[in-house]
Amino acid sequence: MESYLNENFEVKPKHSSEEALQKWRKLCGVVKNPKRRFRFTANISKRQEAAVVRRMQQEKLRIAVLVSKAALQFIQGIAEHEYIVPEEVATAGFEICASELESIVGSRNVKRLKIHGGVEGIAKKVRSSTENGLTVTNGLENRETIYGSNKIPDGETSSFWRFAWEALQDLTLIIDAICAFISLVVGIATEGWDNRAHDALVIVASISLVVFVTAANDYWQSVKFRNWEIEKKKTLVRVTRDGFRQKLLSYELLPGDVVHLTTGDQVPADGIFVSGFPVSIDESSVTEDSKPIKVDTENPFLLSGSKVLEGSCKMMVTTVGMRTSWGKFVAADDKGGYDETPFQVKLNGLVEIIGKIGKYLALVTFSVLMKGLLTHKLQEETIWRWSGYDALEMFKYFTISFTIFGITVPEGLPLALTLNLAFSTNNMVKDNALFRHMAACETLGTATNICTDKTGIITSNQMSVLKLCFCMNVKDLSRHNNASSLCSEIPDTALRLLVQSIFVNKDSEVVNKDGKLEIWGTPTETALLEFGLSLGGNFQEQGGKLKLVKVEHFESAKKKMQVVAELPDRGFRAYCKGAPEIVLALCDKVINSNGNVVPLDEVFIAYLKSAINQFAGEGLRSLCLAYTELEDGFCTSDPIPSSGYTCIAILGIKDSIRPGIKDSVAACHAAGITVRMVTGDSIDTAKAIARECGILTEDGLAIEGADFREKNLEELLELIPKIQVIAQSSPLDKHSLVKHLQTTFNEVVAVTGAGADDALSLNEADIGLATRIHGTELSIIL
Ligand SMILES: Nc1ncnc2c1ncn2[C@@H]1O[C@H](COP(=O)(O)OP(=O)(O)OP(=O)(O)O)[C@@H](O)[C@H]1O
Ligand SMILES: [Ca+2]
């Protein structure tokens, strides 16, 4: 039986092939109540229809782009007809309608955009401002009536009565009801109404009870599912409204909203590039064009559903909800339902086998009973004479056999499992964990390996700068009551450089939230900015003085962030910050104890390295800050230089271990789950932390990402079982570890990760746990 199930009822927890899904469905043969049984599972034919619609949409979009490009070349110079504002739009106080916006962005019509005055013109026409965003005080209802909201409607929810109607169509119930009805009619005919009236009542009552319980159960289940789906679609976006930055749920967006996008974000609605640095966009989910597209003032259109691969910018929303290209796809796709979980499919297999046995037993019972009747009739020599009594007897046999068949098939079993999963997923939401796929909830229980991040999972993700190696001096900030008292000990010019490098080369911002200052950014960035603020730096002033001309955001693979700023008097300066081993390699100068820039000789290098080792030994994350002056003629298309930097300082950032993590690791070990830590931090920091929480043991191995990458397959076979820590890893190392564990060692692997860098391994793993989405406490389980 095991092999039969494995052969025919096997699907993968993630990305099952269409054939595998088709195959087990076909094997299910005659399912008594298909509507119920397959309610939440993928409707494969609808899914194929959706794929066709999707392809057609993509083709349309592609053609529209080509046509508009071609047309543009010809019509340059030919005056375009005037745009007439529809009356209801004009009376609402706007100067452009939703379909005009939809057509401009949908067909990327730069010419028409220009006719409307570019992005500024459009902003004016939708009564917004590219600087301050929408003004909420005027009310937004009017806007929503004219332009719609950014909601993609879910499939309609069925009413309770619809479920009751479906429950009534259960084949078993219908046959049982018919049998009961016939026996009632026969009973009444032979024994009279008075004697059999109570039977009628019992039949009606039992059918109603069964229908009611089934419908209530199904209804409850569908409500739970809906809640889950609504939760699942919630994403936070950063917008400016009333001149203030704030976070909104993506479905609260309206045309005119100014959205801030950065690496890893999904574009939440169609819109136009306002300002910022050119961004590289992956539109493959919308246009099937797998090449990244550069979006800037020349090509300013951003389509919802595409992903920001690199860069950051401001976008003004023009089109929302079903009018967006993404809205059209999602609507087509949503009808697809969910893939079955492996256990559900196996259970279906089991039901199938039991069903077959049931059918066989029913047949045998019927044959044996019939044989009895026939033998009896043969003995009495009445085989050619059949009376009503005989028919009634045969009907009784049929009822008995059918009952045997009915009760042996555990039709409700797979459904009960779905119910259970829906219940569990909903419970997990209360713990801030959100499942993207139902199967993940089930696979989670079978994991044998966990590849975890350090930051945010093992540590609390609340970082603060604890140590500082600056002007050839290591300072312990916990010893100073406040960081500003430290300033008196440091030469003024050097201090100014430190503060400037923190405020200019940053990927975080200070926002005013209800009158309170709040820092937005990754914990590393936040810690840095907090440190800068504590040094007495003025964020606004520093930001205003220097104009950024180029930004290369932090990426886990590069382990550094670089910017180029234009100095107020003349010239440019590049700032770099990142992992010390990377940044120090770019430096040939350093600031000495007098605050002067001097060549970075071996004595200095040895001093800095000993500081880094000291920080790492204490489990601190190190970060190196550096700068270099640039030639006068720096152009934004030039690459940011990668040598000649001056090392400003090395910071030791503390991120304390989460309380209880040691017990969690021990619990995993006790359950037979191997825990491995894959971190971007240096090996000494990683080792210190891994040892403290029990991941790294005496016989375990800690290895650097660069070493791991160089090993061949044979060496890996021997190494991987021993590896407990991979440090200084790039996202690809994590991915390759996961792949090896899955394929070579046949393990079920769970991966935790944060941000866009980990997307690859999160997707590859049997269970992906994306943590702290957009700085919230929410975790998404993929
Ligand atoms: N915003 C940043 N700017 C510059 N450098 C950074 C930034 N964040 C981290 N780093 C440097 O890059 C190194 C590795 O960071 P990475 O993002 O790969 O790790 P992580 O994902 O934050 O941590 P983990 O992998 O342990 O969860 C850090 O040790 C730090 O030196
Ligand atoms: Ca990481």
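## Basis of the description

A residue is called buried when its relative accessible area is under 20%, exposed when that area is over 50%, and partly exposed in between, as computed with a 1.4 Å probe on protein chains only. By that rule D257 is buried, with a relative accessible area of 0%.

The model is predicted, so that local features need pLDDT of at least 70 and side-chain atom pairs count only at pLDDT 80 or more, while totals for chains, interfaces and linings use all residues. Residues are numbered from 1 along each chain as its sequence is written, chains are lettered from A and ligands numbered from 1 in the order in which they are written, and side-chain values use heavy atoms, with hydrogens and water left out.

## Salt bridges

A search of the whole structure returns 20 salt bridges, a salt bridge being a side-chain nitrogen of Lys or Arg within 4 Å of a carboxyl oxygen of Asp or Glu. One of them joins R241 to D257, with the closest N and O atoms 2.7 Å apart. This pair links distant parts of the chain, since R241 belongs to strand β1 (residues 236–241) and D257 to the loop between β2 (244–249) and β3 (258–262), 16 residues apart; helices (H or I, at least four residues) and strands (E, at least two) are here DSSP runs, numbered from the N terminus. R241 is buried, at a relative accessible area of 6%, and D257 is likewise buried, at 0%.

R323 and E102 also meet through their side chains in a salt bridge, at 2.7 Å from N to O. Here the partners are 221 residues apart, with R323 in the loop between β9 (312–319) and α14 (325–333) and E102 in helix α6 (residues 98–106). R323 is partly exposed, with a relative accessible area of 32%, and E102 is partly exposed at 21%. A further salt bridge connects E555 with K558, the closest N and O atoms being 3.9 Å apart; E555 is partly exposed at 21%, and K558 is partly exposed at 26%.

## Aromatic contacts

The whole structure contains seven aromatic pairs, where rings of Phe, Tyr and Trp (its six-membered ring) pair if their centres lie within 6.5 Å, and planes under 30 degrees apart count as stacked, over 60 as edge-to-face and the rest as tilted. Among them is the edge-to-face pair of F163 and Y219, with 6.0 Å from centre to centre and 70 degrees between the planes. Because F163 lies in helix α10 (residues 160–168) and Y219 in helix α12 (residues 193–233), this pair ties together parts that are 56 residues apart in sequence. F163 is buried, at 3% relative accessible area, whereas Y219 is partly exposed, at 34%. Both residues belong to one aromatic cluster, formed by F160, W161, F163, F212 and Y219.

A ring also takes part in a contact with a charge: the charged end of R127 sits over the ring of F94, 4.8 Å from its centre, the criterion being NZ of Lys or CZ of Arg within 6 Å of the ring centre and within 35 degrees of the ring normal.

## Cysteines

The structure holds zero disulfides, a disulfide being a pair of cysteine sulfur atoms within 2.5 Å. For C624, which is in no disulfide, the nearest cysteine sulfur is that of C647, 3.9 Å away. Seen from C647, the closest cysteine sulfur is that of C624, and the separation of 3.9 Å is too far for a bond. C624 is buried, at 0% relative accessibility, and C647 is buried as well, with a relative accessible area of 1%.
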